[in-house]
Amino acid sequence: MNQPKDAALNFDEIVALYSEKLYWHIRKIVLLHDDAHDVLQNTFLKAWKGLNKFKGNASVYTWLYRIATNEAITFFNKKKKQNSVSLTTYEDFLSKTLEGDAYFDGDKMQLKLQQAILQLPEKQRVVFNMRYFEEVKYKAMSEILGTSEGALKASYHHAVKKIEKLLLLQEI
Amino acid sequence: MKPNNKDTSKIFSVPENYFATFAQEIQTKIAEDKIRTACGNTPPFTVPEDFFKNIDFKLKPKKNYKILKTIFAVAASILLIFAISQTVFIEKQNNKTQTPALATENDNLFKEVENYNSELLISYLSESEDNIENLPVQEDADLEYLADYMALADMY
């Protein structure tokens, strides 16, 4: 993970340096571009507000990644709550929206993969995205998510097995 | 050449639980590989053109809410004090104008009542009890007044 001399960076530089990486991390959790953009803005807003509280124990990137993860999960859960009166679940709504989304570039299998990921519990979904797509090391993941490496490995194992099963079921 | 019988486990070490979790990790890798082969691991998302070039967060400077709160509290207190003082002032003014007027009105009323009944009272007091029925009472109000007077006289 890229860890520059964070303390020397001002906030504009932080935004310029990390916005793209954080965007993709958020996007994989919330799936839609507009939602990802909103969450990214909230992430930087929170970071900016808490910049003076940042003690520098972790790298800026780890700190931002943690904020982004929490913001994305909070956003997702909020949407789920708002959708609770609807007959379909928010996950179903997202699955259908992805099919017609102008900013979704995947084929049929990739769509199935995303739909399978959506069925995972929140924590497993985050761990799966970080490990499978971004190949984040367990140690770094542990710092970001505040979970032990062993628990993360177990989470990823369960997530992968579930997705494998879901994809196989869909093929049948 | 002599075979090297040195126990390598004493030279190298592995992370804790490495062998205990190894089987699970291999299973994970196999399943992961299957998913990768079927779906790849490139995120299938795109963004609007030049999205990252134009990304810009206009963050407003931090507002000093403490100062705003103090200003608001002071303004509210001033308004409250002003409202209370206005109410008290208006009440005092009303009292000032109303008290003399009321006093005069009371005096007039008293005089009027006195004038109205004095004739009747004098005649009543000068007559004996036997002739009281012959008093020149003309109205019900006169009778009521006399009854009240007599009742009062009995009391004292």
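Modeller: From the N terminus on, chain A runs α-α-α-α-α-α-α-α. The model is predicted.

Colleague: How many helices and strands does that give for chain A?

Modeller: Chain A has eight helices and zero strands.

Colleague: What share of chain A is buried?

Modeller: Of the 172 residues in chain A, 34% are buried. As for contacts between residues at least 6 apart in the sequence of chain A, 66% of them join residues at least 24 apart.

Colleague: How should I read a pair of packed helices?

Modeller: Two packed helices are described by the angle between their axes and the distance between the axes. Take helix α4 (residues 90-100) and helix α5 (residues 108-118) of chain A: their axes come within 10 Å and cross at roughly 165°. Angles over 145 degrees count as roughly antiparallel, so α4(A) is roughly antiparallel to α5(A). The crossing of α4(A) and α5(A) is right-handed.

Colleague: Which residues of α4(A) and α5(A) make the contact?

Modeller: From α4(A) come Glu91(A), Leu94(A), Ser95(A), Leu98(A) and Glu99(A), and from α5(A) come Leu111(A), Gln114(A), Gln115(A) and Leu118(A). Sorted by class, the contact of α4(A) with α5(A) holds four nonpolar, three polar and two charged residues.

Colleague: At what angle do the axes of α3(A) and α7(A) cross?

Modeller: Helix α3 (residues 60-82) of chain A and helix α7 (residues 138-145) of chain A have axes that cross at roughly 60° and come within 8 Å. The crossing of α3(A) and α7(A) is right-handed. On the α3(A) side, Thr62(A), Tyr65(A), Arg66(A) and Thr69(A) meet Glu143(A), Ile144(A) and Leu145(A) of α7(A). The residues in the contact of α3(A) with α7(A) are three nonpolar, two polar and two charged.

Colleague: Next, the backbone. What is the phi of Leu31(A)?

Modeller: Leu31(A) is not a glycine, yet has a positive phi of about 70°. Leu31(A) sits in the loop between α1 (11-30) and α2 (33-49) of chain A.

Colleague: Is Leu31(A) buried or exposed?

Modeller: The cut-off for buried is 20 or more other C-beta atoms within 10 Å. Leu31(A) counts as buried because it has 22 C-beta neighbours inside 10 Å.

Colleague: Where is Asp50(B) found?

Modeller: Asp50(B) lies in the loop between α1 (18-39) and α2 (65-126) of chain B. Asp50(B) also has a positive phi, of about 60°, although it is not a glycine.

Colleague: Why does Asp50(B) count as exposed?

Modeller: The cut-off for exposed is 12 or fewer. Asp50(B) has 8 other C-beta atoms within 10 Å, so Asp50(B) is exposed.

Colleague: What about values between the two cut-offs? Which helix holds Lys162(A)?

Modeller: Lys162(A) is in helix α8 (residues 149-171) of chain A. Lys162(A) counts as partly exposed because it has 18 C-beta neighbours inside 10 Å. Across the fold, Lys162(A) and Ala116(A) are 8.3 Å apart in space, C-alpha to C-alpha, and 46 residues apart in sequence.

Colleague: Last, the interface. How is its size usually put?

Modeller: The size of an interface is often given as the accessible area lost when the parts come together. Here there is a count of residues instead: 22 residues of chain B are in contact with 28 residues of chain A. The side of chain B that touches chain A divides into 12 nonpolar, seven polar and three charged residues.

How values were computed: Residues numbered from 1 in each chain as written. Chains lettered and ligands numbered in written order. Predicted model: local features only at pLDDT ≥ 70, side-chain atom pairs only at ≥ 80, totals over all residues. Helix = DSSP H or I, 4+ residues; strand = E, 2+ residues; numbered from the N terminus. Contact = placed C-beta atoms within 7 Å. Axes fitted to C-alpha atoms, helices over the stretch in contact; angles between N-to-C directions. Left-handed = near helix turned anticlockwise from the far one by under 90°. Nonpolar A, V, L, I, M, F, W, Y, C, P; charged D, E, K, R; others polar. Parallel < 35°, antiparallel > 145°, perpendicular 65-115°, else oblique.
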